[in-house]
Structures are given as structure tokens and as C-alpha cells.
Amino acid sequence: MKKIFFILLFIPFSIFGQLAGTVHDFGGDDRCNICHDGMLKSALFYNLYWSPTLDAYLMQPMEGSIECLDCHNGGNLKITMGQSTNFGTDLSNHHPISFIYDNALVLRDSELHEVIRVSKFLKDGRVECVSCHDVHGSGYPNLLKMSNQGSALCLSCHKK
Ligand code: HEC
Ligand code: HEC
Ligand code: HEC
Ligand code: HEC
């Protein structure tokens with residue numbers, strides 16, 4: 001908590017600019033604290049993505065995703081979500097999250113790029129919501145970390 005406070009005091013100016021005017025700019029003194037409150041987030045049980053061709057081992061939402069679900073599960077009483085942005089506890093209709101992207105996975109799935117090429121997207125070695133989205137705003141649609149024109153984002157990790 002102390003560390004976060006330190007960070008918030010001394011480097012936040014660019015983040016204030018990034019956040020301004022995005023869907024995540026809730027305004028007021030609570031603007032940063034609404035997410036950076038140091039509170040333990042949702043401990044619900046989620047319905048995970050599944051398909052017969054999935055090679056990754058998915059876990060319940062972890063850091064880098066659980067913070068998002070605090071609102072995107074529709075359970076935050078201070079925040080009103082739209083229909084398409086409210087996942088409830090069903091994560092089966094969006095890209096899989098909370099799994100380790102390592103060499104062993106690349107061996108199981110030859111259509112993935114090597115780990116070294118994708119490491120900048122990973123959160124502690126895992127794919128999480130923050131792998132693709134920039135929570136403070138990015139300038140791209142859907143708060144995506146980079147342009148997905150021509151599936152550029154997808155092709156950063158998938159060979160096709
Ligand atoms: C909608 C939720 C949300 C809001 C609002 C928000 N943050 Fe964040 N912030 C996050 C999350 C989630 C992370 C972790 C991001 C990651 O791991 O990539 C983070 C990370 C950070 C970091 C660590 C460095 C980084 O960019 O990853 C700083 C510093 C930070 N936030 C400052 C701020 C400040 C200052 C504000 C207000 C102007 C703010 N945040 C508003 C959710 C939020
Ligand atoms: C404090 C609550 C809160 C948190 C925490 C939060 N969001 Fe949101 N998010 C919202 C709201 C509110 C909207 C707008 C909903 C709407 O209009 O339907 C939104 C919209 C979005 C959108 C749609 C953007 C667009 O341009 O339409 C994305 C993508 C998104 N959030 C991703 C994330 C990710 C990823 C995280 C975690 C890193 C996160 N959010 C954390 C409240 C939150
Ligand atoms: C592999 C990349 C990737 C991951 C991981 C990912 N998303 Fe997304 N997300 C996208 C893309 C691309 C879009 C825009 C196109 C679409 O809706 O599929 C999107 C759209 C969204 C939207 C807007 C939906 C709408 O219809 O308005 C929300 C909200 C969102 N994501 C939240 C999340 C949350 C929360 C997580 C983690 C549970 C997450 N995303 C994980 C790539 C990703
Ligand atoms: C950060 C890296 C990364 C990005 C970016 C990414 N993916 Fe993935 N995606 C993966 C990994 C790793 C898997 C797990 C592959 C497996 O289990 O075989 C996966 C799984 C999937 C699956 C499920 C595959 C199955 O067999 O069920 C789909 C569909 C998918 N991704 C589509 C997309 C799309 C569309 C985009 C762009 C919006 C995208 N991915 C972006 C890494 C990524």
C-alpha cells in the first residue's frame with residue numbers, strides 16, 4: 001500500500017492525462033482510488049473459456065484480470081456497466097485469461113510465437129486482461145494496447 005501511495009504521489013501526471021476522457025475516467029477526487037483502493041477484489045467463481053482445441057491450462061482470474069472484474073462482473077455498486085461490458089461471472093465469450101504462456105505451451109501449440117517475442121504482453125508470465133488492454137487509456141478503440149488493424153494485436157502472439 002505504501003508503495004502505491006509513493007507511486008501515486010510522484011509519477012502520476014502522465015497517467016492523469018492518459019486517463020482523462022476515457023470510459024475509466026470517473027472524475028472527482030476518487031478518480032484513481034476507485035481502482036487503487038488496495039482492497040481485496042472479487043473472490044467469485046467464474047465460468048472459464050473452454051474449447052476442445054485449447055492447449056493452455058486456465059485458472060480462475062488472477063492479478064491483471066481480477067482488478068478488472070471488480071467492475072466488469074457487474075458487482076461494483078458504485079459503477080454502472082453497459083450490457084456488453086458486464087461479463088457477470090461468465091468469461092467464456094472473451095479471450096481466455098489467467099494461464100501461463102511458456103515454452104511448454106508453445107511446444108503443445110505450434111501456432112504460437114516463441115515466449116521471448118511476446119513477453120512484453122505477459123503479466124508475471126501469464127496472459128491476463130492487461131495483456132491486451134491498457135486500463136488508463138491507449139488512444140486505440142476498446143482501450144487496446146496497440147492497433148488491431150489487420151489483426152495486428154492477435155498476430156503478435158498467434159502465427160495465424
Ligand atoms: C479503471 C481502473 C483504474 C483507474 C481509474 C486507474 N488505474 Fe492505475 N492501474 C490500474 C491497473 C489495473 C493497473 C495495473 C496495470 C498493469 O498491470 O498493466 C494500474 C497501474 C498503475 C500504475 C503502475 C504503472 C502502470 O502504468 O502499470 C500507476 C503508477 C497507476 N496505475 C496510477 C494511476 C493514477 C495516477 C490514476 C488516476 C489518474 C489511475 N492509476 C487510475 C487500474 C486503474
Ligand atoms: C472501477 C470500475 C472499473 C474497473 C476496475 C475496470 N473497468 Fe473497464 N470499464 C468500466 C466502465 C464503467 C466502462 C464503461 C462501461 C459501458 O459504458 O458500458 C468500462 C469499459 C471498458 C472497456 C470498453 C472500452 C471502450 O472503449 O468501449 C474495456 C475494454 C475495459 N473497460 C477494460 C477494462 C480492463 C482490462 C480493466 C482491468 C485492467 C478494467 N476495464 C477495469 C469500469 C471499470
Ligand atoms: C487477447 C487479447 C484480449 C484479452 C486477454 C482480453 N481482451 Fe477484452 N477485448 C479484446 C479485443 C480485441 C476487443 C475488441 C473486439 C471484441 O469485442 O472482441 C475487446 C473488447 C473488450 C471490451 C468491450 C466489449 C464491448 O462489446 O464493448 C471489454 C469490456 C473488455 N474487452 C474487457 C476485457 C476484460 C475484463 C478482460 C479480462 C477478463 C479482457 N478484456 C481480456 C482483446 C482482449
Ligand atoms: C498475449 C498473446 C496473445 C494475444 C495478443 C492474443 N492471443 Fe489468443 N491466445 C493466446 C494463447 C497463448 C492462447 C492459448 C492457445 C491454446 O491453448 O492453444 C490463445 C487462445 C486463443 C483462442 C482459443 C483457441 C482455442 O483453441 O480454443 C482464440 C479463439 C484466440 N486466442 C483468438 C485471439 C484473437 C482473435 C486475438 C486478437 C484479438 C488474440 N487471440 C490475441 C495468446 C494471445
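This is a predicted model: local features need pLDDT of at least 70, side-chain atom pairs count only at pLDDT 80 or more; totals for chains, interfaces and linings use all residues.
1. Overall fold. The protein has six helices and two strands. Along the sequence they follow the pattern α-α-α-β-α-α-β-α. The radius of gyration is 17 Å, close to the 15 Å that the globule rule gives for 160 residues, so the protein is as compact as a globular protein of that length. The C-alpha trace spans about 50 × 30 × 30 Å along its principal axes.

2. Of the 160 residues in the protein, 13% are buried. Take the contacts with a separation of 6 or more: 62% of them join residues 24 or more positions apart.

3. Nonpolar core. Nonpolar side chains tend to be buried together in soluble globular proteins. Here the largest nonpolar core has eleven residues in all. They are Tyr46, Ile66, Cys68, Leu69, Cys71, Leu91, Ile97, Phe99, Tyr101, Val127 and Cys129. Which helix gives the most to this core? H3 does, with four residues.

4. Ligand 3. This ligand has 17 residues around it. Cys68, Ser84, His95, Cys129 and Cys132 come nearest. Helix H3 (66-72) and helix H6 (129-132) each supply at least two residues of the shell. H6 gives the largest share, three residues. By class, the shell holds seven nonpolar and ten polar residues, and no charged ones.

5. Cysteine 129. This residue belongs to the largest nonpolar core and is also among the residues that come nearest to ligand 3. Leaving out residues up to four places away in sequence, cysteine 129 touches Gly64, Ser65, Cys68 and Ile97.

6. Ligand 4. The shell here consists of 21 residues. The closest are Ser51, Thr53, Asp55, Cys154 and Cys157. By class, twelve are nonpolar, seven polar and two charged.

7. Serine 98. Most residues other than glycine have a negative phi. Serine 98 is not a glycine, yet its phi is positive, at about 55°. It lies in the loop between H3 and strand S1 (99-100). Is serine 98 buried or exposed? It counts as buried, because it has 24 C-beta neighbours inside 10 Å and the cut-off is 20 or more.

8. Surroundings of serine 98. Neighbours within four places in sequence are set aside here. Serine 98 is then in contact with Leu58, Met59, Gln60, Pro61, Met62, Ser65, Arg126 and Glu128. Ser65 is also touched by cysteine 129. Glutamine 149 is 51 residues away from serine 98 in sequence, and the two C-alpha atoms are 25 Å apart in space.

9. Asparagine 142. This residue also has a positive phi, about 60°, although it is not a glycine. Its place is in the segment after H6. Asparagine 142 is exposed, because 10 other C-beta atoms lie within 10 Å and the limit for exposed is 12 or fewer.

10. The two sites together. Both have a positive phi: about 55° at serine 98 and about 60° at asparagine 142.

Terms used: Residues are numbered from 1 along each chain as its sequence is written. Chains are lettered from A and ligands numbered from 1 in the order in which they are written. A residue is near a molecule or strand if its C-beta atom, placed from the backbone, lies within 6 Å of it. Ala, Val, Leu, Ile, Met, Phe, Trp, Tyr, Cys and Pro count as nonpolar, Asp, Glu, Lys and Arg as charged, and the others, Gly among them, as polar. The radius of gyration is taken over C-alpha atoms; the globule rule is 2.2 Å times the number of residues to the power 0.38. Two residues are in contact if their C-beta atoms, placed from the backbone, lie within 7 Å. A nonpolar core is a set of buried Ala, Val, Leu, Ile, Met, Phe, Trp, Tyr and Cys residues joined through C-beta atoms within 7 Å.
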